[in-house]
Amino acid sequence: MTPTQVKAKIWMSAAKGAVLPFATLMVVLFMMVPVPAVMLDIGFITNIMISLAVLMVALNACQAARLFQLSDGAAVRDPAAPGAQRRLDPRRAGVGP
């Protein structure tokens, strides 16, 4: 490794360690200094967009889990799936009196 590469690694590790203290300082600063209305609006819109993106990913993952099998090989039983009533009805399944 060249000395330049060593210095670059040292600076990168120092920068990674400084992110959390800097973010904490910025949060405290934003609580003390008035923020313009436009920046508040941008922050609210960004927050809502991120929340909707997380919600859509979660709903899509839930829907995908219904379509595919679990890792242990057991199928996901969805009562709303086609044929589920026939499969879950004890009279049709041959179990019962």
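Tutor: The secondary structure of the protein consists of four helices and zero strands, where helices (H or I, at least four residues) and strands (E, at least two) are DSSP runs numbered from the N terminus. This is a predicted model in which local features need pLDDT of at least 70, side-chain atom pairs count only at pLDDT 80 or more, and totals for chains, interfaces and linings use all residues. Residues are numbered from 1 along each chain as its sequence is written, and side-chain values use heavy atoms, with hydrogens and water left out.

Student: Why is V27 called partly exposed?

Tutor: Buried means under 20% relative accessible area, exposed over 50%, and partly exposed in between (1.4 Å probe, protein chains only). V27 has 48% relative accessibility, so V27 counts as partly exposed. This residue lies in helix α1 (residues 3–32).

Student: What makes α1 hardly covered?

Tutor: Among its 30 residues, the count of buried residues is zero. In the protein, 3% of the 97 residues count as buried.

Student: Where is confidence lowest, and where is it highest?

Tutor: The scale is pLDDT, the predictor's confidence in each residue, from 0 to 100. Confidence is lowest in helix α3 (residues 84–88), at a mean of 51, and highest in helix α2 (residues 37–67), at 87. Where pLDDT is low, the predicted coordinates should not be read in detail.
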